[in-house]
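Here is a short briefing on one protein chain. Keep the sequence and the 3D view open while you read.

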Amino acid sequence: MRIDFCGGAGEVGASCIFVKIDGKNIVLDCGMRMNASKDQLPDLRMIQENGGADAVFLSHAHMDHSGSLPIISREYPDARIYMTHVTKDLIKVLLYDSLKIMEYRESEIPVFAEVHVKNMLDRILCFSPGYTFKPFGNDLSVTFYNAGHVAGSAGIYISGQEGSLFYSGDFSITPQRTVEGASIPRLRPDIAIFESTYGDRLHAGRENEELRLVNKVKEIIVSGHKVLIPAFALGRAQEIILILKRAINRGDLPEFRIYIDGMVKDICRIYNLNPNYLRHQLAKKAFKGEELFYDDNVIPVIGKQPQREALVNSKDACCIIASSGMLTGGPSQWYAENLASDENNFIAVTGYQDEEAPGRQLLDIMDMPECEDRILRFGEISIPLKCGVGKYGLSAHADKTEIISLVHTLGARDVFFVHGDNEVISSLAQEGQKEYRGRIHV
């Protein structure tokens, strides 16, 4: 068995792993870097130089794992692409949104076209978690296991004559409002590859963080002002909607308007259509035909710009949940530009922030002394940041304890840590190796 890391090793972005096993060339994930200042694509030349791709397996739909699929599919049209059913529905939305963004950036040449997305979607085969299939008709078998990150996310287990390999993708052992936690048996693979995004920290208790967010939203709403929650359209936004809905239903929050904007709306629709991939209580509602996210208090923004301007200019208190989660574009950036200069408003940051993203700027500014000028920059636009800013730990990634726990549960002879900053991965590896009998690689 041979493994090459084409992207996503020592970084968060462009996840792509090449595996040669039993004479077959397999690609695990094929993502993009979300940082505009870096090369977007993984090193696809490594795949070409090793004989191309016979099959591609996708762990989940986030663009840092799926964004380059149209390119590799265009290059290797005979390679089937394998994923869970809901992941196919989700990547269709995300890739078409990516096409829109490429079209909007007139100074850049798009890295793929609509025809490449359509052709790629036709080459997908879907399998449910827990079902073992043989993609090549020989002894090589593959099983997806629920990874607990977002709907449809899967750890990938490959077993052949030359050995066995487990790839975690992004995972979370802690259950969320929308999905159950990871469910992975004691596989004992020869090789295991784990994400390490938060391998240097321990997450705060989930319920405590949700309570902190609910209390802050209540404080701002009762005072008659506005809360902006920039959120990743896939996963995080749905979590926040359910957290706030539950708080209203329990009387922990007064009834108020929550507006949903951006690609979040499309993802909510797909979650509704795929109850098999959701938590049991949520799935039961969906099977009864109940709407999971919208009600009298939770309202989609349909009129686009006129409605957005009316929301911002209205004197009514409200909460706005909008993509993108790092304020790198989408409606969340527009809302931030228009709400940040009012000291009574609030922006709640709930997810990972790339080092060059405006969301990271927000967090850095939050730590500045009050007396200093706080300026938020979106490209050439500079906004005085007077509103409150808070960070809330609602991560859908495993923390250090969960990663090390899964490493020990699986008991692989060789462990590789990827999908994290170099310093984070190094500290995790050094700590893990102290008590682990196998070998840990970075």
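The points below run from overall shape to single residues. The model is predicted. It holds 14 helices and 21 strands. The radius of gyration is 22 Å, close to the 22 Å that the globule rule gives for 442 residues, so the protein is as compact as a globular protein of that length.

**Overall shape and surface**

- The C-alpha trace spans about 65 × 50 × 50 Å along its principal axes.
- Buried residues account for 57% of the 442 residues.
- The protein carries 48 positive and 59 negative side chains. The centres of these two sets lie 5 Å apart.
- Take the contacts between residues at least 6 apart in sequence: 72% of them join residues at least 24 apart.

**Nonpolar cores**

- In soluble globular proteins, nonpolar side chains tend to be buried together.
- The largest nonpolar core here has 78 residues. Which of its members touch the most other members? They are L69, I91, L244 and I321.
- L244 shows what such a position looks like in contact terms. Leaving out residues up to four places away in sequence, L244 touches V214, V217, I229, L253, I258, C319 and I321.

- S141 sits in strand β8, which covers residues 141-146.
- Is S141 buried or exposed? S141 counts as buried, because its relative accessibility is 15% and the cut-off for buried is under 20%.
- Beyond residues up to four places away in sequence, S141 touches T132, F133 and K134, and also Y157, I158 and S159.
- S141 and Q433 are 292 residues apart in sequence, and their C-alpha atoms are 30 Å apart in space.
- Q281 belongs to helix α9, residues 280-287.
- The relative accessible area of Q281 is 54%, so Q281 is exposed, the cut-off being over 50%.
- Q281 and R177 are 104 residues apart along the chain, and 9.5 Å separates their C-alpha atoms.

**Backbone exceptions**

- Most residues other than glycine have a negative phi, and most peptide bonds are trans.
- S323 and S324 are joined by a cis peptide bond, with omega about 10°. S324 lies in the loop between β15 (318-322) and α11 (330-339).
- D22 is not a glycine, yet its phi is positive, at about 50°. D22 is in the loop between β2 (16-21) and β3 (24-28). With a relative accessible area of 17%, D22 is buried.
- H419 is not a glycine either, and has a positive phi of about 55°. Where is H419 found? H419 is in the loop between β20 (414-418) and α14 (422-433). H419 counts as buried, at 3% relative accessibility.

Technical notes. Residues numbered from 1 in each chain as written. Predicted model: local features only at pLDDT ≥ 70, side-chain atom pairs only at ≥ 80, totals over all residues. Heavy atoms only, no water. Helix = DSSP H or I, 4+ residues; strand = E, 2+ residues; numbered from the N terminus. Rg over C-alpha atoms; globule rule 2.2 N^0.38 Å. Buried < 20%, exposed > 50% of the residue type's maximum accessible area, 1.4 Å probe, protein only. Contact = heavy atoms within 4.5 Å. Lys, Arg positive; Asp, Glu negative; His and termini not counted. Charge placed at Lys NZ, Arg CZ, Asp CG, Glu CD. Core = buried A, V, L, I, M, F, W, Y, C linked by side-chain atoms within 4.5 Å.
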